Amino acid sequence: SSGPRCPVCDEPWVSPRLLPCLHSLCAPCLRRLGPLGEPGRAVARSVLCPVCDAEVALPPGGVGQLTPDYLALSRGGAAAAGCDLCADGAAARRCLTCGADLCLFCCQAHRRQKKTASHAVAELENIRDCSQQAGKPLFCPTHPTEELRLFCEQCDQPVCQDCVLDRHRQHPYDFTSNVIHRHGDALRELLKTTQQHTGALETVMSQIDDMGSAVRSRAEAVATEISLFASGYVKAIEEHRDRLLKQLRDLKAQKENLLHLQKAQVQQLLLDMRTGVEFTERLLTSGSDLEILITKGVVASRLAKLNSVAYNTHATVDDRIQFSPHERAGQCCGYEVFGAILNKVIDPARCTLHGEDLHSARQNQLTGFTLLCKDTTGEQMGRGGEAVQIFITHKEKRDCSVKPTVCDNGDGTYHVSYSPEEPGLYAVCVYVKGQHVQGSPFTLMVKSKFREHRGVFHCCAFCSSGGQKAARCACGGTMPGGYQGCGHGHKGHPGCPHWSCCGQVKESSECLRGPPSDNLQRSSLRTVVL
């Protein structure tokens, strides 16, 4: 709503104009606003409202054609009006009959005159908040002497009598008192709808404020959680750091103790050997023949004993202490931590190969074995990441090789799988860090594809064929009476169930026969059918 002063210049209203955004500004202030139209245009197309920052369009005629805000003037926002009669005193009262603003002196004269003695006069302050109908008459901006009493329906604006005869000729019009109810009711309906939206928007604003409060509360709670998590994580990392440093100190002390022990043993052995060498040299250079012969036994025994002492030619420990920051180190204070000291060194000569099918495989069948990596002490490494290389090549066919797949299990074991396409003898080489592991290289025999049995696993041909004389068996057994197949207790029967196609007595076995001849195949098929 319009205030008592212009929001731009903060001065009493001077010809206030109502913008489409329903904010009022003085006409001079509006003209001073920067245009938002195209550069070079004489009249700006739009301006930016300084109250709500909304871009509002201007009429084609510019600021002068904006709707005047009479409501701002009627609320006392304009400069103090003067008396309409004397033009010297300040207006204090208004004649409700003729609509003139009067000073106190003219008001008394107005009441003493015969023609105006019956006019009703009211205090100007008491009527400023009354409705427009009881206010000062509004005059036409085009015809300043004519009061706006009519309403042009076509142009939807109040007009005077001269306007009806001039620009609004042949336009439907009526008195403002007759149309105010209809237009007021329409405006009230729009107001009612707007008020509903206002209520809904206020509810939304309340919800937004509540959600903002909830977001701030939740953010504070999460910030607290983050701080607690970070504090706990820092504590866990610091504790893990202390553990690692203690582990490093213990490892250093262990290696130093082993080196100190080895050094003491080597020093003692060296001292004993130097003593033996010095004594023997002195004996051989300064002793007589008889003295040499007398002490020879003791000296020889001592030297032989010293020479038989086993000792390492290198230090028993090494300086290989590594830190792996990406190594999983388990849980610490409920947090998963990383970083571990690696003191185990892989020894390819101690790495072993395991698997049932280590030396044999089938053509076009997936098989494999397991590589177990160990350190210099023979213990399993317990971690992966080693450089493992596998080469499987045919011994007779140079261009024939098998490409294996190596799967790192992450615990020091590696599963090697492969599927050979050609039968024959292969050489398998397994390298860790470029060195052969224990048992490498070794030979691999790849057999042809498993041959399925084409016969039946029976007790004898007589039983499986239902007593047919023509039924044969690969075991070679026969029966008297013209039976060409085997029978229980008769010549050639193996004495146990067997395959009719090759005579194998093991049910889960490979057929020993190659592709059968037509006669044998028909015989076997006949046996199967029978």
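Q: In which loop is the place of Leu22?
A: This is a predicted model. Leu22 has a positive phi of about 70°, although it is not a glycine. Leu22 is also exposed, with a relative accessible area of 58%. Its place is in the loop between strand S1 (16–18) and strand S2 (24–26).

Q: Is Cys333 buried, exposed or partly exposed?
A: Cys333 is not a glycine, yet its phi is positive, at about 60°. The place of Cys333 is in the loop between S12 and S13. Its relative accessible area is 41%. Buried means under 20% and exposed means over 50%, so Cys333 is partly exposed.

Q: How many residues lie between the strands in the hairpin of S12 and S13?
A: Strand S12 (residues 322–332) and strand S13 (residues 335–342) run antiparallel and are joined by 6 bridges. Within this pairing, Arg328 stands opposite Phe338 in S13. Cys333, with its positive phi near 60°, belongs to the hairpin, and the number of residues between the strands is 2.

Q: Which strands do the buried residues of H3 pack against?
A: In helix H3 (residues 104–112), the buried residues are Cys106, Cys107 and His110. They cover an arc of only 105° around the axis, so they sit on the same side of H3. The face turned away from that buried side carries the exposed residues Leu104, Phe105 and Arg112. The buried residues pack against S6, S7 and S8.

Q: How many of the 6 residues of S16 are buried?
A: S16 pairs with strand S14 (residues 352–354) in the antiparallel sense over 3 bridges, and Leu353 stands opposite Leu371 in S16. Phe369 has contacts that include Leu353, Tyr414, Val416 and Val430, leaving aside its neighbours within four places in sequence. S16 is largely enclosed by the rest of the structure, because the number of its residues that are buried is 5.

Q: Which residue in S20 is the bridge partner of Gly368?
A: S16 and S20 run antiparallel. The two strands are joined by 6 bridges. In S20, the partner of Gly368 is Ser417.

Q: What distance separates the C-alpha atoms of Phe457 and Pro497?
A: Phe457 lies in strand S24 (residues 457–458) and is partly exposed, with a relative accessible area of 29%. Not counting residues up to four places away in sequence, Phe457 touches several residues, including Pro497, His498 and Trp499. Phe457 and Pro497 are 40 residues apart along the chain, but their C-alpha atoms are separated by 6.6 Å.

Q: Which residue does a cis peptide bond join to Ser440?
A: The bond has an omega of about 0°.

Q: How much space lies in the largest cavity?
A: The structure holds 1 cavity of 30 Å³ or more. Among the residues that line the largest cavity are Phe462, Met479, Tyr483 and Cys486. The space in it is about 30 Å³.

Q: What share of the chain's residues count as buried?
A: The chain has 9 helices and 25 strands. Its residues number 530. The share that count as buried is 29%.

Terms used
Residues numbered from 1 in each chain as written. Predicted model: local features only at pLDDT ≥ 70, side-chain atom pairs only at ≥ 80, totals over all residues. Heavy atoms only, no water. Pairing = 2+ DSSP bridges. Helix = DSSP H or I, 4+ residues; strand = E, 2+ residues; numbered from the N terminus. Buried < 20%, exposed > 50% of the residue type's maximum accessible area, 1.4 Å probe, protein only. Arc of directions from axis to C-beta. Contact = heavy atoms within 4.5 Å. 1 Å grid on protein atoms, 1.4 Å probe; cavity = no way out; pocket = protein on both sides within 12 Å on 5 of 7 lines; lining within 4 Å. Points joined across faces, edges and corners; volume = space filled by probe spheres on them.
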